[in-house]
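Keep the sequence beside the structure as you read.

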Protein chains: 2
Amino acid sequence: MTLDVQNIACPIPLSDYPTILMAHGGGGRLMHQLIERIFAAAFKLPPDRERHDSAALDIKGISTNRLAFTTDSFVVRPLFFAGGDIGTLAVNGTVNDIAMAGAYPLWLSAGFILEEGLPLQTLWQIACSMSAAAAAAGVTIVTGDTKVVDRGKGDGVYINTAGVGVFEHDCVIGPQSIRPGDAILLSGDIGRHGMAIMAQREGLEFETTIESDCVSLAGAVRRLLDSNVDVHCMRDATRGGLASVLVEIASAIGQTVRIDEQSIPVRDQVAAACEILGLDPMYVANEGCFVAFVPADQAEQAAAILRKDPTCPDARQIGVVDDAAEGVVVLKSRIGSERLIDLLSGEQLPRIC
Amino acid sequence: MTLDVQNIACPIPLSDYPTILMAHGGGGRLMHQLIERIFAAAFKLPPDRERHDSAALDIKGISTNRLAFTTDSFVVRPLFFAGGDIGTLAVNGTVNDIAMAGAYPLWLSAGFILEEGLPLQTLWQIACSMSAAAAAAGVTIVTGDTKVVDRGKGDGVYINTAGVGVFEHDCVIGPQSIRPGDAILLSGDIGRHGMAIMAQREGLEFETTIESDCVSLAGAVRRLLDSNVDVHCMRDATRGGLASVLVEIASAIGQTVRIDEQSIPVRDQVAAACEILGLDPMYVANEGCFVAFVPADQAEQAAAILRKDPTCPDARQIGVVDDAAEGVVVLKSRIGSERLIDLLSGEQLPRIC
């Protein structure tokens, strides 16, 4: 998804001032130049005279009773990693949150908190990544904001995106629609995003680089919704990984969730990196992987539909919602024993998104 | 607008861990506790099982063709100041951006970037301020996100809000609707927000404290739109102050804007503080003050309508849009001379919002 802009020159001549200054956040000439030359250029915003404090979203002709609205801030370290950067993450993270609710993402906002001293070329690269990721996900970045904080009071750049999408159906897709007996599908292999970040931070080297799975899931979700599958709930397995998402859902619905470790795909190098760092892939963050709860008799059909999407070639059933009203997650391990999965109380991988 | 919560105990017992830990951003148990006990409590969010990655906004029965969508990040120092705090600012700033487009603000998102070590009591106070400001502005905080950055990599808390509003009319309220001859109204006295922050930072003391004008302008705008005034454009005079807003608009429309310094109200203590610090109040930020462009023959009526609103008792005409197509701002000074107003190239007041 990342546009290769390493060699595309930043539209502000770096000979003028190669880095972000406090004045870039001050509402004066430099801020206007930054908005025009970097953000308006990368995001293809309308001309200045048609822009305003708010973007106007045209919903004429869109038949809907409900909108989806969500937000996420991104503070990942490092800013660039194998398979993406903070910009691709900021677009796909919010796109996926809207898709998981069963809505179609259409519009994004982008709020930047820049640290004094950030190279302009870095900001330009990130803006170009966001532009490419937005195009791939079918969304438009329509409004934004820039603030600058003093050197040392940030980490280069923090990005917030908020997103608006439309529901084209009246189904409630969420934990409250999950029923005992539902099948639990997983869209792909787990742990790639978190381990891509950690491998980079820790300087781990493997035969091939572990790349983040960061991608828009909006297309895969649309396939599922456009078919006749009754999707009860979807959730992407981001911070806290697959384990945390399942525990949250089990706890919210008060039903027991049973999953089979053997059915959960983990790529060899991800497993190896987890082994080295002493991490459990079940708790490692993903940015392109989700669980879906569907009626048991539609599980095979739903998995087959997902596998047709390029982002979900390994989609499969990994478990079921049990009759027992205990609100816990039970994992059947590879050797056949059963154990309870819980939320981590501490922090396994700080700042992976 | 600030709720006095100094004495309302934080719902998480401070004896457990009195400050934000990295784990509060990790997707595990502590993050869930933070969301439930602080944010869900302050913002009165629905129960866990009905919450999802995205909020669903019910627009059934709302007759509209267009939505307004905007975002702002807030990095103000200090977090608390006379007349408000980063929380009131984060709500009113986004509410006002929507109001300025001529839409009615309804829903907000809130994204928090917390610094490790932030006292939980501080976060609770800010969340309560946001809740009170949202109630006063008639908006609901419906979705949010929390990230934690390492000690030293933030400044306590940065907040992003995005907002969605609805247009209940088909008028285009923006620079492109401004016509030569339009009257320019100002809703109130200028410079209070910026000088409240600066007086606090610099330890200036006056007989009475300068308080920020931070307030929702949604009610005042609604009065104007509900009357029969043809509002052509509105903009709040935030970063860069009244001068920057007028320069931006003049430049965008390519017409000359003429204003009369004598008609622009500045409170005595704001003027005194500006004098001491060598600042021009025309460039000092406001958070509860806006300009409106209306047809000349409706100027008196529009100002009178605004003055009925408790947030705009001093509303008045301060200038006109000239026939000349020069795209500049000409200020007639108190002594009768004329001078051009321009954008500041540097930074007068860093981090005032």
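Which residues of helix α7 (residues 268–277) of chain B are buried? They are B:V270, B:A273 and B:C274. Buried means under 20% relative accessible area, exposed over 50%, and partly exposed in between, with a 1.4 Å probe and protein chains only. An α-helix has 3.6 residues a turn, so residues three or four places apart point the same way. On the other side of α7(B), B:D268, B:E275 and B:I276 are exposed. The buried residues pack against α4 (192–202) of chain B. After α7(B) comes B:G278, with a positive phi near 70°. Helices (H or I, at least four residues) and strands (E, at least two) are DSSP runs, numbered from the N terminus.

A word on the model. It is predicted: local features need pLDDT of at least 70, side-chain atom pairs count only at pLDDT 80 or more, and totals for chains, interfaces and linings use all residues. Residues are numbered from 1 along each chain as its sequence is written, chains are lettered from A and ligands numbered from 1 in the order in which they are written, and side-chain values use heavy atoms, with hydrogens and water left out.

How confident is the predictor? The pLDDT gives its confidence in each residue, from 0 to 100. Chain A averages a pLDDT of 93, and 98% of its residues score at least 70. Over residues 1–6 of chain A the pLDDT is below 50. That stretch still has 18 contacts in the model beyond near neighbours in sequence; contact means heavy atoms within 4.5 Å. Where pLDDT is low, the predicted coordinates should not be read in detail. The model scores ipTM 0.94 and pTM 0.95.

Next, the two chains. Chain A can be laid on chain B with an RMSD of 0.0 Å by a turn of 180° and a shift of 0.0 Å along the axis. That is the relation of a two-fold axis. The superposition is by least squares on the C-alpha atoms of residues with pLDDT of at least 70 in both copies. Of the interface residues of chain A, 100% are also interface residues in chain B, so the copies meet through the same surface.

Within chain A, an automatic or database domain assignment gives domain 1 (5–166) and domain 2 (175–341). Their C-alpha centres lie 29 Å apart. Across the boundary, 20 residues of domain 1 of chain A are in contact with 23 residues of domain 2 of chain A.

Now look at a hairpin in chain A. Strands β13 (residues 329–332) and β14 (residues 338–341) of chain A run antiparallel, joined by four bridges. Strands pair if DSSP finds at least two bridges between them. A:V330 stands opposite A:L340 in β14(A). Five residues separate the two strands, and A:G336 in the turn has a positive phi of about 100°.

B:Y17 sits in the segment before α1 (29–43) of chain B. At 13% relative accessibility, B:Y17 counts as buried. Beyond four places in sequence, B:Y17 touches B:I12, B:H24, B:L30, B:Q33 and B:L120. B:N96 lies in helix α2 (residues 86–100) of chain B. At 0% relative accessibility, B:N96 counts as buried. Its contacts beyond four places in sequence include B:V215, B:D236 and B:E287.

How values were computed:
pLDDT is the predictor's confidence in each residue, from 0 to 100.
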